[in-house]
Amino acid sequence: MGWLEITFTAAGLLLGAVSIVTPFVADRRARRSRRIGFRKQMDIAIGHNGQVSGADPRLGLFNDLPAMRDATLVLLRIENDGSRYIEESDYIDPSTQYGLTAEFPGRRIEAQDVTLPAEHANLMGYFENQPGLLVAGPGTLRIPRVPLKPGAYYKILVLLTGGQEADPVAVTGDIKDGTLHENHSLTPDEKPPVFSKQARWTTVALGLALIAAATLPPLMPSPLPDDCATGALRLTGSTAFAPVMTELAQKYREHCGGRPEITVAAHGSRTGVRELALSGGRSEQGATVIAFSDGPRPASYTRLAESRVAISLFTLVVQDDVRLRNLSVADVRRVYRGEIRNWSQLGGPDLPVVLVSRTSGSGTRSALGHRVLAGADEPPASSDDCVARTVRGAAVLRCELDSTEQVLDTVARTPGAIGYSELRAASPPEAPRGLHRVTLDGHTPDPDRLTTSGYPYREIEYAYTYGRPPADSPASSFLSYAVDNGTGKGVVATYGHLPCGTAVGLQVCGKGG
């Protein structure tokens, strides 16, 4: 999944979560806050409103009192429409005993009275006793700090002169952790919550749908690319090629969306080819087996089909005390025949020769015999630990190890030792300290100059399957990726091998290396 898909998925998850939580948080917050609401329930003219002739449908009550001809009556309702008790101390105005102020701009207060429902009659004391209601200016009425439980209210009837009915009326004040607001709705015990139950659960359903829309497409298996196949693979064989096998498996799985399952178990070229032939191409777990080999299979394994993957380069290495940097192929053959027992015979230091070799199943060893030693094999092993002889009368001390890494580590710490390895493992920075490579007849291993360098120690890297795999099988798909895909060839080249799928590689691989 690309970064753009990840971004949209994360945004969808976030929006879905927010949409689910918001109504509950908002409703809880609204219910937990202190709230005082006020509203003007009545504002009517009761005088003649200054008219001197014509019918007055209100039949003014104070037509005979000139000062009251523009009289109006306003009924204010003050209520606790929140869910928390409001105490006297919750009114914030440290300089006065009053909590709220009612303003009637342009009008004059002539009289005022308080009405209370029977269930809140106990609040009358706050109006009858000090400080009570206070007319603080022509149109300003100060209201005491009246404690109100949720749903409690009181009404103030105010007689005013001057101005007109429907002129603005304002109530001001501050409430600790709460709000004072004008309302126009039903009474508190009749009002629904900020979000109704139906609205909350509808929002939850929509939020869950949004989360599902954001998460399900990435979670659902996407169709495989055309060059991918399902199944399981087991890659075995060459330890020299094992790093390439491991990274190829990783890149191929990334290319195919995490499929197929691939295990890498490298135990040597000949060992891997033998496993493939004896298993009939299937592991005990049912995975298709592909065996990688440094060099061709034994002639007796006629059921195995080959694919040429790369040209692998190998090199001889010596311990650093052996200060030689080049050996002739003829001298190498004398060394491995046991004719050279001390490096001083080749102009090197006075150190006995120690042959650190691979076991008989190694493709790197087979390539040495085939490409450098003219088909000859190495002398028998004469040591179990590469230090002490176990065979008396042996011309040189020789030991056998199971992997390239073991050979390199042993050569690096053993005075007079010589061994062999695939090129990259024996080159800095991968190579252990204490050893160095030697050239052959002055030729340096270079994958870019294989057609002209004449460097002999190289071999074709084969991939073997049990019979030719079907085109839609995981084995066929993987091998096509390794040989023909640009990423696959890049992996092979990164480890110092020449891919057979390149122009130069086709030329060299076609000639048998």
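**Figure 1. Packing of helix 4 against helix 10.** In this predicted model, helix 4 (residues 242–255) and helix 10 (residues 474–484) pack at an angle of about 110°. Their axes lie 11 Å apart. Axes are lines fitted to C-alpha atoms, for helices over the stretch in contact, and angles run from 0 to 180 degrees between N-to-C directions. Helix 4 is therefore roughly perpendicular to helix 10. Angles of 65 to 115 degrees count as roughly perpendicular, under 35 as roughly parallel, over 145 as roughly antiparallel, and the rest as oblique. Helix 4 contributes L248, A249, K251, Y252 and H255 to the contact. From helix 10 come P474, S477, F478, Y481 and A482. Contact means heavy atoms within 4.5 Å. By class, the contact of helix 4 with helix 10 has 7 nonpolar, 2 polar and 1 charged residues. Here Ala, Val, Leu, Ile, Met, Phe, Trp, Tyr, Cys and Pro count as nonpolar, Asp, Glu, Lys and Arg as charged, and the others, Gly among them, as polar.

Residues are numbered from 1 along each chain as its sequence is written, and side-chain values use heavy atoms, with hydrogens and water left out. Because the model is predicted, local features need pLDDT of at least 70 and side-chain atom pairs count only at pLDDT 80 or more, while totals for chains, interfaces and linings use all residues.

**Figure 2. The chain as a whole.** The chain has 12 helices and 20 strands. Helices (H or I, at least four residues) and strands (E, at least two) are DSSP runs, numbered from the N terminus. Of the 513 residues, 47% count as buried. Buried means under 20% relative accessible area, exposed over 50%, and partly exposed in between (1.4 Å probe, protein chains only). Among contacts in the chain with a separation of 6 or more, 76% come from residues 24 or more positions apart.

Figure 3. Two strands pair if DSSP finds at least two bridges between them. Strand 5 pairs with strand 6 (residues 140–144) in the antiparallel sense, over 3 bridges. L134 stands opposite R142 in strand 6.

**Figure 4. Strand 18 and its partners.** In strand 18 (residues 435–440), 5 of the 6 residues are buried, so this strand is largely enclosed by the rest of the structure. Strand 13 (residues 304–319) runs antiparallel to strand 18, joined by 4 bridges. Q319 stands opposite L435 in strand 18. Strand 14 (residues 326–327) runs parallel to strand 18, joined by 2 bridges. N326 stands opposite T439 in strand 18.

**Figure 5. The loop around D81.** D81 sits in the loop between strand 2 (72–80) and strand 3 (98–103). It counts as buried, because its relative accessibility is 8%. The D81 side chain makes a polar contact with the side chain of H181, at 2.9 Å. A polar contact is a pair of N or O atoms within 3.5 Å; within protein, one must be able to donate a hydrogen and the other to accept it, and residues adjacent in sequence count only if both atoms are side-chain atoms.

**Figure 6. Two cis peptide bonds.** One joins R259 and P260, with omega of about -5°. P260 lies in the loop between helix 4 and strand 11 (261–266). Another joins P428 and P429, with omega of about 5°. P429 lies in the loop between strand 17 (417–422) and strand 18.

Figure 7. D177 is not a glycine, yet its phi is positive, about 55°. This residue is in the loop between strand 8 and strand 9 (178–182). D177 is exposed, with a relative accessible area of 57%. C386 has a positive phi near 65° and is likewise a residue other than glycine. Its place is in the loop between helix 7 (363–371) and strand 16 (397–401). C386 is buried, with a relative accessible area of 4%.
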